[in-house]
Amino acid sequence: MSHTSIALRPEPRAALPAAALPEQRTVTLQFDDNALLPLLYGEHDRHLARIEQRLGVRLGSRGNRLSISGPAEQTEVATAALKALWRRLERGQPVGNAEVEAALRMAEGSSDGDPRLPLADLPQIRTRKAAIAPRSPAQAAYMDMLARQEMVFGIGPAGTGKTYLAVAQGVALLQAGRVGRIVLSRPAVEAGERLGFLPGDMKEKVDPYLRPLYDALHDMMPADQVARRIAGGEIEIAPLAFMRGRTLAHCFAILDEAQNTTPAQMKMFLTRMGEGTRMVITGDPTQVDLPSGQRSGLVEALGILDGVAGIGVSRFDEGDVVRHPLVAKIVAAYGRADVRTAEQSLRRPKKESDGTGK
C-alpha cells in the first residue's frame, strides 16, 4: 500500500535579525506510488502552481519527492493540503481544481485553529450515489449542525453550498428511512402577482424558480428515482405559498432563498413544523428581492430567534464560496462597494429646510 513519508529540515538562518523575517521552513514529502503523482500535480503541474500562488510557498519536485519551502505557517498549510489530496487519490477519488481549492480551505481553517471545524472527525453526508465531504471549515460546521439540530439556518452568500448540503442531508435521511419524505420550497418572489399571466399549468409556471432544488436532487439520486419519488409523494417541491395551513410531520423540510420571504411567510413556514420533522432555512440577507421598504422575514427571524434552544445558525462568508474562485472575489468586491456606499451616505450632509417647506 502506498504511503507518504515526511522529512523536515530547517532552512538556513537568514542574515537579517530573526524578527525581520518570518520563520522559514522546508518540508519534503516522499510518495511511494509514482502512478498517482501526475494526478496530484495536475496537468502541467497546475495544482502545484495554484498552491504556490495561493500560499506564497515554493514547490520543487524531483523523482517521487516534493519539497515545500516558505514561511513556516504557509508551509504547514501546503503540507496538510497535499497530504489530504494524496489520501483522496489513494482512495480512488478524483483530484481537480475544485478539490485543490477545498483542500487549501480546510487546511487553512485547521491551521487557524478555527473553532467551527470538528477536527477530530470531519463529517460526511452519505447518500447511495456519493459521499459528500466538506469543502470549507464552515461547511464542516454546517454539516455537523445538520446532523444534530432539528432546525438550522444556513446564512451566507451564493456558492457556499448551503442549499446543496441541506438537500444532501435530506436525501441521506430519506434513504436511511429516518424521515418519510422531503419537502423543498422557495418563495417565487420574481413572479409575484404575475404567475397567472405565465403560460402553462401551475407546475410549469413555478418550476423555473425551483430548478436549483431539482438540480441538487439529481446530483444525489438517479433521475428515474427522483421522478419516481416525486410521483409517489416522497419528494415534494413547491412554492412557499403552498405550505399555508399544513402540518409537516416526519419529513425533512428546506426553505431556500428565505431572504425573499415576508415576516408573515417566515412565521407561517416555521410553524408548519410537526412531529419528527427537521427544518433547514437557507438564504443571503444581502440579496433581498422584496419590494423596497419590505422587511425580510429571514432577517427578522434571525433576530427574534437568537438564542432559542434547539435552533442552530451556521454562517458563511465570501471565503467559504466553493464555486469558481472568481465568485468569491466578486462577492467580496460587492461587499466592499456596499460598505463604501453606506459610508458615503453617512457623510452626505442633510439638506436644510429654508423655512418655506420646499
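Is Arg229 buried or exposed? I looked up its accessibility before anything else. Arg229 is buried, with a relative accessible area of 11%. I note here that the model is predicted.

**Entry: the partner of Arg229**

I followed the side chain of Arg229 to Glu234. The two side chains meet in a salt bridge, with 3.0 Å from N to O. Glu234 is partly exposed, at 32% relative accessible area. The cut-off for buried is under 20%, so Arg229 falls below it at 11%.

**Entry: Arg54**

Next I went to Arg54. I found it in helix α2, which covers residues 46-55. Arg54 counts as partly exposed, because its relative accessibility is 27%. I then listed its contacts, leaving out residues up to four places away in sequence. Arg54 touches Glu101, Leu104, Arg105 and Glu108. One of these got a second look. The side chain of Arg54 makes a polar contact with the side chain of Glu108, at 2.8 Å. I also checked Arg54 against Ala78. They are 24 residues apart in sequence, and their C-alpha atoms are 9.5 Å apart in space.

**Entry: Glu101 and Arg50**

Which residue does the side chain of Glu101 meet in a salt bridge? I found Arg50, at 2.5 Å from N to O. Glu101 lies in helix α4 (residues 97-111) and Arg50 in helix α2, so the pair ties together parts that are 51 residues apart in sequence. I compared the accessibility classes of the two partners. Glu101 counts as buried, at 11% relative accessibility. Arg50 counts as partly exposed, at 23%.

Arg50, Arg54, Glu101 and Glu108 are linked in a network of salt bridges.

**Entry: Asp256 and Arg186**

I looked up another pair. The side chains of Asp256 and Arg186 meet in a salt bridge, at 2.9 Å from N to O. Asp256 sits in the loop between β10 (251-255) and α9 (263-270), and Arg186 sits in strand β8 (residues 181-186), so this pair ties together parts that are 70 residues apart in sequence. What is the relative accessibility of Asp256? I read 5%, so Asp256 counts as buried. Arg186 counts as buried too, at 12%.

**Entry: the count**

How many salt bridges are there? I noted a count of 13. Among them are Glu101 with Arg50, Asp256 with Arg186, and Arg229 with Glu234.

Conventions: Residues are numbered from 1 along each chain as its sequence is written. This is a predicted model: local features need pLDDT of at least 70, side-chain atom pairs count only at pLDDT 80 or more; totals for chains, interfaces and linings use all residues. Side-chain values use heavy atoms; hydrogens and water are left out. Helices (H or I, at least four residues) and strands (E, at least two) are DSSP runs, numbered from the N terminus. Buried means under 20% relative accessible area, exposed over 50%, partly exposed in between (1.4 Å probe, protein chains only). Contact means heavy atoms within 4.5 Å. A polar contact is a pair of N or O atoms within 3.5 Å; within protein, one must be able to donate a hydrogen and the other to accept it, and residues adjacent in sequence count only if both atoms are side-chain atoms. A salt bridge is a side-chain nitrogen of Lys or Arg within 4 Å of a carboxyl oxygen of Asp or Glu.
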